[in-house]
Amino acid sequence: MTLRHAVLAALLDGECSGYELAKEFDARVANFWYARPQQLYTELSGLERDGLVTGRQVVQEMRPNKRLFTVTEAGIGELQRFAAATVRPSFLRDDLLVKVQAVDRLPAAPVIAQLTERARIADGRTEIFGRVLERLRGDLDEATFLVRSTRIGPYLTCLRGLTFERETRAWCDRIAAVLRSRETAARPVT
């Protein structure tokens with residue numbers, strides 16, 4: 001996947017500005033694709049140049065003017081080609097996992113502290129995903145929403161984000177507990 005496809009997918013809900021897109025990425029897309037706001041603005045320019053989105057200038061009083069972007073039919077076609085392409089297996093790059101991998105030869109305390117911090121962050125993100133899911137569902141229960149809603153893609157990706165953050169929290173808690181118990185026990189034989 002490229003940032004191009006993630007931006008096009010995020011714009012499917014309708015017209016939005018680069019600022020709104022950055023907020024959308026932070027709230028719902030960052031669980032599967034991270035981009036800095038400047039990258040998003042650069043990508044929007046490229047998408048517009050390539051005819052995959054259209055932009056229009058909105059003049060505002062007492063505020064800077066803004067550009068609103070919408071996916072074009074060509075953009076939808078690009079997403080259709082992307083959706084039909086073979087998916088490569090995902091992989092994980094995580095500095096914390098490298099530290100855990102090497103913890104046998106490192107002081108455990110800083111790794112434990114980072115696991116604790118990652119668990120705290122996962123808790124916060126779990127709450128955010130829960131609120132987003134509730135907002136997307138509205139008054140419907142999940143089963144009804146999943147059957148009747150006209151657009152479920154953002155909901156489904158938020159479900160993945162929620163599951164990921166819950167799993168992250170559980171893993172961090174478990175690994176921190178293992179490392180703490182090893183610190184208090186006699187050094188194991190290798």
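A salt bridge here is a side-chain nitrogen of Lys or Arg within 4 Å of a carboxyl oxygen of Asp or Glu. By that rule, this predicted model holds 14 salt bridges. The close-ups below visit some of them, along with two other spots.

**View 1. Aspartate 123 pairs with arginine 169.** The closest N and O atoms of this salt bridge are 2.0 Å apart. The pair joins distant parts of the chain, with aspartate 123 in helix H6 and arginine 169 in helix H8 (residues 153–184), 46 residues apart. Both partners are partly exposed: aspartate 123 has a relative accessible area of 32%, and arginine 169 comes to 27%.

**View 2. Glutamate 165 pairs with arginine 125.** Here the closest N and O atoms lie 3.1 Å apart. Glutamate 165 is buried at 8% relative accessibility, while arginine 125 is partly exposed at 22%.

**View 3. Threonine 126 sits in helix H6 (residues 108–137).** Its relative accessibility is 17%, so threonine 126 counts as buried. Leaving aside residues up to four places away in sequence, threonine 126 touches Leu162, Glu165 and Arg166.

**View 4. A salt-bridge network links Arg4, Glu43, Arg49 and Asp50.** Within this group, aspartate 50 bridges to arginine 49, with 3.8 Å between the closest N and O atoms. Aspartate 50 is partly exposed at 40%, whereas arginine 49 is exposed at 66%.

**View 5. Helix H1 (residues 3–10) is mostly covered.** Of its 8 residues, 6 are buried. They are Leu3, His5, Ala6, Val7, Leu8 and Ala10.

Notes: Residues numbered from 1 in each chain as written. Predicted model: local features only at pLDDT ≥ 70, side-chain atom pairs only at ≥ 80, totals over all residues. Heavy atoms only, no water. Helix = DSSP H or I, 4+ residues; strand = E, 2+ residues; numbered from the N terminus. Buried < 20%, exposed > 50% of the residue type's maximum accessible area, 1.4 Å probe, protein only. Contact = heavy atoms within 4.5 Å.
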